[in-house]
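Reader: I would like to learn how to read a few features of a model. Could you walk me through them?

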Amino acid sequence: MEAEQAALGAKKRGVEGERRYKGIRMRKWGKWVAEIREPNKRSRIWLGSYSTPVAAARAYDTAVFYLRGPSARLNFPDLLAGEGCLAAAGDLSSASIRKKAIEVGARVDALHSDHHHQHQHQHHASAKASELMPRGTGASVVDLNKMPEPENPECN
């Protein structure tokens with residue numbers, strides 16, 4: 001019986017090795033959603049749908065901080081403490097909490113998707129550059145994201 005429960009718990013912990021964050025779940029079609037139960041109520045506050053689990057978890061963290069204050073158990077306690085904009089936790093309406101959580105989640109989602117897009121673009125560009133270089137010439141790939149170094153090290 002205990003072995004079955006442990007196996008079931010391992011299945012629920014994550015999707016394909018993905019770390020399981022509190023307050024989020026993955027839809028069948030791949031989007032990550034976040035929601036939180038309102039204190040002393042049966043209702044939930046919908047916190048949005050995101051393309052990354054980190055964005056959904058950050059939206060949850062924002063909402064739980066506004067609902068429960070500094071004692072809230074967060075997915076990313078070090079990130080939320082550094083934002084400073086959450087000083088007035090406490091007496092916000094569920095609509096205000098939803099709005100603030102969605103703003104944070106959307107910002108994180110945009111940063112993650114922009115980073116993913118840039119990584120794909122850099123990979124594609126380096127693949128193109130290697131196709132254009134003659135084989136066997138010993139030419140090295142130049143990283144265009146770095147500042148050029150002077151050819152003569154004494155000319156600093």
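Author: Let us begin with D109. Leaving aside neighbours within four places in sequence, D109 is in contact (heavy atoms within 4.5 Å) with Y50, S51, T52 and A55. This is a predicted model, in which local features need pLDDT of at least 70 and side-chain atom pairs count only at pLDDT 80 or more, while totals for chains, interfaces and linings use all residues. Residues are numbered from 1 along each chain as its sequence is written, and side-chain values use heavy atoms, with hydrogens and water left out.

Reader: Where is D109 placed?

Author: D109 sits in helix α4, residues 94–132. Helices (H or I, at least four residues) and strands (E, at least two) are DSSP runs, numbered from the N terminus.

Reader: Which side chains make polar contacts with the side chain of D109?

Author: A polar contact is a pair of N or O atoms within 3.5 Å; within protein, one must be able to donate a hydrogen and the other to accept it, and residues adjacent in sequence count only if both atoms are side-chain atoms. The side chain of D109 has such a contact with that of S51 at 2.8 Å and another with that of T52 at 3.3 Å.

Reader: And how do I read charge pairs?

Author: Side chains of opposite charge can pair when their charged atoms come close. A salt bridge is a side-chain nitrogen of Lys or Arg within 4 Å of a carboxyl oxygen of Asp or Glu.

Reader: How many salt bridges does the structure hold?

Author: Two. In one of them, R25 pairs with E35, the closest N and O atoms being 2.7 Å apart. R25 lies in strand β1 (residues 24–26) and E35 in strand β2, so the pair ties together parts that are ten residues apart in sequence.

Reader: What about E38 and K41?

Author: E38 forms a salt bridge with K41, with 3.6 Å between the closest N and O atoms. Here E38 is buried, with a relative accessible area of 14%, and K41 is partly exposed, at 48%.

How values were computed
Buried means under 20% relative accessible area, exposed over 50%, partly exposed in between (1.4 Å probe, protein chains only).
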